[in-house]
Amino acid sequence: QIKKSVAREVAQRYQKARKKERGRILDEFVALSGYCRTYASWLLRNCGRKIVLSGREGRRVILVGELIKGIKRRKEKVYDEEVLKALKKIWFIMNFSCGKRLSPTLSWLIPKLESHGELKLQEEVREKLFKISASTIDRLLRPERKKLELKSRARTKPGTLLKHQIPIRTFSEWDDKRPGFLEMDLVYHKYAFLHSS
C-alpha cells in the first residue's frame, strides 16, 4: 500500500518532467521501490494516465491507468477429504508419527495395511499418498494435533532457594560409579498426546 502511494506521487512528477529529469526520477524510484528499471518506467508512464474512447451516440469513455493489483490464484485441492481420512487412520496406527518419519514408510506400509484389511483405498487416493511430502503431511494433520493437545493444571516452577544450595559440577567431578549415586531432573511436559484408534 505504501509503495502504491509513493508510485502515484512520483508518477505525477515523472509525467510532467522533461527527458533529463525523468532519468533522475526513475533512478530514485527504482532505488526506493526495488522494482526493476523496465517495470518502474512502465509504471510511472502509465499510472494515472487517462485514455478517452469514443462510444456510440457521441458518448465518451475515460479509462484511468491504475496500479496493478495482486491477483490471488486459487490452486485446486490436490489432497481431498478422502486422502485426509486415510492419512489420519495411518497416522493413528503409526502412533502419531511426524511427517518426516511417516512419509518414507507409506510406500511399503499402505500395501501391508491393505493386505491385512486395515485400509481400503481407491487407486487415486493411493497414488496421492505415495507422492505426499513430509511437510504436506504435517500441514494436513496440524488441526488433528491441536485437538489432541492437553493442558496440565500443575506446572513446575524454578525455585531460587534450591538453585543456590545445589552445587554445580563439571564433567571431571562426576563419580557415578560409587554406590548410592543418583541424579534426578524434573521436567514439565507442556503437551501430551492421547492414543486412540
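**Helix packing and selected residues**

Guide: In this predicted model, helix H5 (residues 99-115) packs with helix H7 (residues 134-147) at an angle of about 120 degrees, and their axes are 9 Å apart.

Visitor: Where is Ser135, and is it buried or exposed?

Guide: Ser135 is in helix H7. Its relative accessible area is 52%, over the 50% cut-off, so Ser135 counts as exposed.

Visitor: What separates the C-alpha atoms of Ser135 and Cys98?

Guide: The C-alpha atoms of Ser135 and Cys98 are separated by 9.3 Å, and the two residues are 37 residues apart along the chain.

Visitor: Let me step back. How many helices and strands does the protein chain have?

Guide: The protein chain has eight helices and two strands. Along the sequence, these elements follow the pattern α-α-α-β-β-α-α-α-α-α.

Visitor: What percentage of the residues is buried?

Guide: Of the 197 residues in the protein chain, 23% are buried. The chain exposes about 16,900 Å², and carbon and sulfur atoms supply 54% of that area.

Visitor: And what percentage of the contacts joins residues at least 24 apart?

Guide: Taking contacts in the protein chain between residues at least 6 apart in sequence, 56% join residues at least 24 apart.

Visitor: Back to helices. At what angle do H1 and H2 pack?

Guide: Helix H1 (residues 2-16) and H2 pack at about 175 degrees, with their axes 10 Å apart. That angle is over 145 degrees, so H1 and H2 are roughly antiparallel to each other.

Visitor: Which residues meet there?

Guide: From H1, the residues are Lys3, Val6, Ala7, Val10, Arg13, Tyr14 and Gln15; they meet Arg22, Ile25, Leu26, Glu28, Phe29, Leu32 and Ser33 in H2. The residues of this contact of H1 with H2 divide into eight nonpolar, two polar and four charged.

Visitor: Where is Tyr35 found?

Guide: Tyr35 is in the loop between helix H2 (19-33) and helix H3 (37-46). With a relative accessible area of 24%, Tyr35 is partly exposed.

Visitor: What is Tyr35 in contact with, beyond its neighbours within four places in sequence?

Guide: Tyr35 is in contact with Lys3, Phe29, Val30, Ala40 and Leu43, with those neighbours left aside.

Visitor: Next, the loop between H4 and H5. What is the phi of Asn95?

Guide: Phi of Asn95 is near 60 degrees, which is a positive value in a residue other than glycine. Asn95 is placed in the loop between helix H4 (81-93) and H5.

Visitor: What about Phe96: where does Phe96 lie?

Guide: Phe96 lies in the loop between H4 and H5. Phe96 has a positive phi of about 60 degrees although it is not a glycine.

Visitor: Is Phe96 buried or exposed?

Guide: Phe96 has a relative accessible area of 10%, under the 20% cut-off, so Phe96 is buried.

Visitor: Finally, how do H4 and H6 cross?

Guide: The axes of H4 and helix H6 (residues 123-131) come within 10 Å and cross at roughly 60 degrees. H4 and H6 are therefore oblique to each other, and H4 passes H6 in a right-handed crossing. The contact involves Glu82, Val83, Ala86, Leu87 and Ile90 of H4 together with Val125, Lys128 and Leu129 of H6.

Visitor: How do those residues divide by class?

Guide: The residues of the contact of H4 with H6 are six nonpolar, no polar and two charged.

Terms used. Residues are numbered from 1 along each chain as its sequence is written. This is a predicted model: local features need pLDDT of at least 70, side-chain atom pairs count only at pLDDT 80 or more; totals for chains, interfaces and linings use all residues. Side-chain values use heavy atoms; hydrogens and water are left out. Axes are lines fitted to C-alpha atoms, for helices over the stretch in contact, and angles run from 0 to 180 degrees between N-to-C directions. Helices (H or I, at least four residues) and strands (E, at least two) are DSSP runs, numbered from the N terminus. Buried means under 20% relative accessible area, exposed over 50%, partly exposed in between (1.4 Å probe, protein chains only). Contact means heavy atoms within 4.5 Å. Accessible areas come from the Shrake-Rupley method with a 1.4 Å probe; for residues, only the protein chains shown count as cover. Angles under 35 degrees count as roughly parallel, over 145 as roughly antiparallel, 65 to 115 as roughly perpendicular and the rest as oblique. Ala, Val, Leu, Ile, Met, Phe, Trp, Tyr, Cys and Pro count as nonpolar, Asp, Glu, Lys and Arg as charged, and the others, Gly among them, as polar. A crossing is left-handed if the near helix is turned anticlockwise from the far one by less than a right angle, and right-handed if clockwise.
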